[in-house]
Amino acid sequence: MKKVLGVLLISLLTACASQTKQPGDEDMEDRDRSRDAATQREGSMQGEDYSSPTLNPLTDPNSILSKRSIYFEFDSYVVKDEYRSLVAAHAKYLREHPNARVLLQGNTDERGSREYNLALGQRRADAVKYAMTLSGAQEGQIEAVSLGEEKPHAMGHDEAAWAENRRVDIRYQGE
Amino acid sequence: MAIAMLSMPFRLHKLSGSAAVLFFLWLVCSPVQAALNIEIFGGGANQIPVAIVPFAEEERLGAQSLTPVISADLRRTGLFKLVDAGGLRPHEPAEVSYPDWIGRGASALAIGTAIPVSGGQISIRVRLLDVARRAELGSYVETVPPEQLRAAAHRIADMIYEKLTGDAGVFSTRIAYVIKQGKKYSLQVADADGVNAQPVIEYTEPIISPAWSPDGTRLAYVSFENKKPVVYVQALATRARKAVANFRGSNSAPAWSPDGRKLAVVLSVMGGSQIFLINADGGGLQRLTQSSGIDTEPSFSPDGRYIIFTSDRGGSPQIYRMPVTGGVSKVAERLTFEGSYNVSPRYSPDGKGFTFIHRSGDKFNVAIQDFATGQVRLLTDSRFDESPSFAPNGRMVLYATEIRGRGILSAVSSDGRTRQQLSTQAGDIREPAWGPLRRPQ
């Protein structure tokens, strides 16, 4: 029930977000913290520009935080090394924004059992959640759910499509 | 007694001559190789030759004729060879010239009448005759309204099947499946031959895992209508439904206990995906499995004492069995060892084996494993087979497969010899489940 409400809330907030501006103070605070966070990171954060008051690190294409998908091997829920910095960056954001909430949606490719894939998608979302909590995010900030193979991004029936669909998406509340 | 005497010669005949040699080769071959051999060598020679003679006055029924439905039912099993009646039209035993039917190679013969009577009803009388013994094997008498003609044809086919094989016929049973058309998902129920499809529920979010209650009056299924998987139970007659498992996280994979009072479900409420027992009305939650991995797709043994399920507790998804004792169990017996992906187990109706999906290379195929011998038989060699379920007589397995990226339903005999596609509508069909023998009132 809680979860349903959570999803509904997210939907409502999403609907509102397009019309409502957040209070400027909060924007500033978030941005400052993000800048601090950014300066502590190397390489990947170069070129970020926080001088514009409208730029949100979660959506800034130059920010690693705008990258929201983690991809997996067939029948695997191991978060690959190449996604460690991505997961750590989101964990850090959550740590620094205790009011932020994320929904992790686990997905699988279309092959094999739908029920097993539902569980596998959950396992992938749980694996990302676990990695985020290890990096300091609070468990209560993260909800991990599975869509199994039921909501494919890529509609094809080949390895390229399957690889695209073996994925966990990170969605922030209010997006 | 007549059944046993008649069916024995048929079975012996199956093993005669070269067929017996091939059957022996099949027995000693490695399990996975075996299925291919079955497909190559199986077929016509072992079928029971039966003639279905058009019934008296049946032509007045037009498109509702009985004998085409009966013939199609029998042909679909792969167990029968339909002998052409030619110009012969006996309708009563006295009209049968047995030498003619011996000459045509028919072992059994169905004759009868379908006569309109008062009130627009049709009076049907059918006799099944043993050609060699010139004796009646069985009969069927019923008066039905026109809209019941097709159902009556299935009941006649059931009678013929039962008398000639000794097994229950399943032509009067129903199947459930999900069809996706555009963005719409529809859970449907149809006759076992795919005809008379009726929607049970429709949504724009996915529906998966329909499961028949043992008495055939209710369906449990998983709907994503609330943006996450929730288990519902719906009565087919009243359409009344209830969310029976709607806990935090995912709720899925419902399986009925044989007494219809409980469901095994998979919940993530306590972390991971684990199997729980719940009353059919949603009360009395009780945990069954406890592992650090995925436990899902439970299926009850026919006596209700065990469940088999899919678990990745050993590193890859395999099939396990554990007793249902009323408590949590951390241990289960691993049943599958061949390959790194064995999922979707379903007990056979006699409890002696189970069907499941076996991955080999890039292929996902329907297989059967015997509990006593551990022998595995692959029944299909298509690319993406899913969701196998036994016919209630154990003789066929219904499953989902795909052609050109579109889901279709197929059935394969449990010896792997005969395969067929069910008549398909436009759309993407998946998640079939074969219903029980008894039909609701």
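Tutor: A residue is called buried if 20 or more other C-beta atoms, placed from the backbone, lie within 10 Å of its own. The model is predicted, so local features need pLDDT of at least 70, side-chain atom pairs count only at pLDDT 80 or more, and totals for chains, interfaces and linings use all residues. Residues are numbered from 1 along each chain as its sequence is written, while chains are lettered from A and ligands numbered from 1 in the order in which they are written.

The part to examine is helix α6 of chain B, residues 149-165; helices here are DSSP runs (H or I, at least four residues), and strands are runs of E with at least two, both numbered from the N terminus. Of the 17 residues of α6(B), 14 are buried, so this helix is largely enclosed by the rest of the structure. From its first C-alpha to its last, α6(B) reaches 24 Å, close to the 24 Å expected at 1.5 Å a residue (that is, 1.5 Å times one less than the number of residues). After α6(B) comes B:Gly166, with a positive phi near 85°.

In chain B, domain 1 covers 47-165 and domain 2 covers 174-434, with bounds from an automatic or database domain assignment. The C-alpha centres of these two domains of chain B are 36 Å apart. Six residues from domain 1 of chain B and seven from domain 2 of chain B form their contact (C-beta atoms, placed from the backbone, within 7 Å). On the domain 1 side, helix α4 (residues 67-76) of chain B gives the most, with three residues.

Chain B also touches chain A: 31 residues of chain B are in contact with 20 residues of chain A. Strands β9 (207-212), β13 (251-256), β17 (295-300), β21 (342-347) and β22 (353-360) of chain B each supply at least two residues of the chain B side.

Methods:
Contact = placed C-beta atoms within 7 Å. Buried ≥ 20, exposed ≤ 12 C-beta atoms within 10 Å, placed from the backbone.
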